[in-house]
Amino acid sequence: MSNINQEYIENYIRSLLPKPSILIQEMECFARENHIPIVQPEVAQFIVLILQAQRCKKVLEIGTAIGYSSILWATAMGKGSKVVTIERESDMIFLAKQYVQRAQLQDNIKILQGQGEEVVPILKDHFDCIFLDAAKGHYMDFLPSCLSLLKTGGLLISDNVLFRGMVASDALVNRRKITIVKRMRKYLECISNHPQLITSVIPIGDGLAISLKKE
Ligand SMILES: C[S@@+](CC[C@H](N)C(=O)[O-])C[C@H]1O[C@@H](n2cnc3c(N)ncnc32)[C@H](O)[C@@H]1O
């Protein structure tokens, strides 16, 4: 249970999702068996919808893991699209490269190795959408550089912002997670009141924040 939605609601929504490709099913299975966190399927479906509705062609992702979400975004955006994705762990990059190759998306997905905090500020491109899915306690560190890389009218999508419900209620906070929770609250307050952003926090998956860059 995520503490965000009732299990029966989550299961029902998941039962409505289109059946993923064999490769995506294999990746879901691998992630589950190896305890690798990947975007939840109903959240992925929502982001796919946004990418298509906004006609996005260029996404920056922070947190690649095995390349599951990168493959979903590149597939959703279609021909000529680009996903630039950053990952700090070399074992994850090794796996991600293999999956990207098997998906035949090596021309569309560029995997950069490094600490996101160091890589993002040196990027020169501009993006239609930025998907923030790295260490939960550090979202605030990414905000200034993400804002400068995001096009006007572009979307910043931040995952896991309700962090198993702990961000919304002290009663749920595990003491060992208190720093992450405090930092996430600060991040949500910042993006919710930021003069350049319009933000909506959505109780889906582990909590998703969508922010539109106004200017
Ligand atoms: C939740 S997983 C990403 C899942 C992936 N987006 C998906 O849905 O398929 C987070 C990943 O971010 C990586 N990570 C965490 N903090 C990072 C940082 N500061 N810079 C780069 N990678 C980071 C972790 O190693 C981990 O593989």
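Q: At what angle do helix α2 and helix α4 pack, and how far apart are their axes?
A: In this predicted model, helix α2 (residues 22-33) and helix α4 (residues 68-77) pack at about 155°, and their axes are 10 Å apart. Angles over 145 degrees count as roughly antiparallel, so α2 is roughly antiparallel to α4.

Q: Is that crossing left-handed or right-handed?
A: The crossing of α2 and α4 is left-handed.

Q: Which residues meet there?
A: From α2, Ile 24, Met 27 and Glu 28 take part, and they meet Tyr 68, Ile 71 and Leu 72 of α4. By class, the residues of the contact of α2 with α4 comprise 5 nonpolar, no polar and 1 charged.

Q: Staying with α2, how does it pack with helix α5?
A: The angle between α2 and helix α5 (residues 90-102) is about 160°, with the axes 11 Å apart. The two helices are therefore roughly antiparallel to each other.

Q: And the handedness of α2 and α5, left or right?
A: The crossing of α2 and α5 is right-handed.

Q: What makes the contact?
A: On the α2 side, Leu 23, Glu 26, Met 27 and Phe 30 are involved; on the α5 side, Leu 95, Tyr 99 and Arg 102. The contact of α2 with α5 has 5 nonpolar, no polar and 2 charged residues.

Q: Changing topic, which residues does UniProt list for "binding site" along with Val 39?
A: An unreviewed UniProt entry lists Val 39, Ser 69, Glu 87 and Asp 133 under "binding site". The lining of the largest pocket includes Val 39, Ser 69, Glu 87 and Asp 133.

Q: Where is Ser 69 placed?
A: Ser 69 is in helix α4, the helix that packs against α2 at about 155°.

Q: What about Asp 133, where does it lie?
A: Asp 133 lies in the loop between β4 (127-132) and α7.

Q: Which residues does the UniProt "binding site" annotation with Asp 159 cover?
A: That annotation, also from an unreviewed entry, covers Asp 133, Asp 159 and Asn 160. These residues span 28 residues in sequence, yet no two of their C-alpha atoms are more than 7.6 Å apart, so they gather at one spot. Asp 133, Asp 159 and Asn 160 are part of the lining of the largest pocket.

Q: Back to helices: how do α7 and α8 cross?
A: The axes of helix α7 (residues 139-149) and helix α8 (residues 178-193) come within 9 Å and cross at roughly 30°. Angles under 35 degrees count as roughly parallel, so α7 is roughly parallel to α8.

Q: Which side chains are in that contact, and how do they divide by class?
A: Tyr 139, Met 140 and Leu 143 of α7 make contact with a group in α8 made up of Met 184, Lys 186, Tyr 187, Cys 190 and Ile 191. The contact residues divide into 7 nonpolar, no polar and 1 charged.

Technical notes. Residues numbered from 1 in each chain as written. Predicted model: local features only at pLDDT ≥ 70, side-chain atom pairs only at ≥ 80, totals over all residues. Heavy atoms only, no water. Axes fitted to C-alpha atoms, helices over the stretch in contact; angles between N-to-C directions. Helix = DSSP H or I, 4+ residues; strand = E, 2+ residues; numbered from the N terminus. Parallel < 35°, antiparallel > 145°, perpendicular 65-115°, else oblique. Left-handed = near helix turned anticlockwise from the far one by under 90°. Contact = heavy atoms within 4.5 Å. Nonpolar A, V, L, I, M, F, W, Y, C, P; charged D, E, K, R; others polar. UniProt positions renumbered as here; feature names shortened; annotations may be inferred. 1 Å grid on protein atoms, 1.4 Å probe; cavity = no way out; pocket = protein on both sides within 12 Å on 5 of 7 lines; lining within 4 Å.
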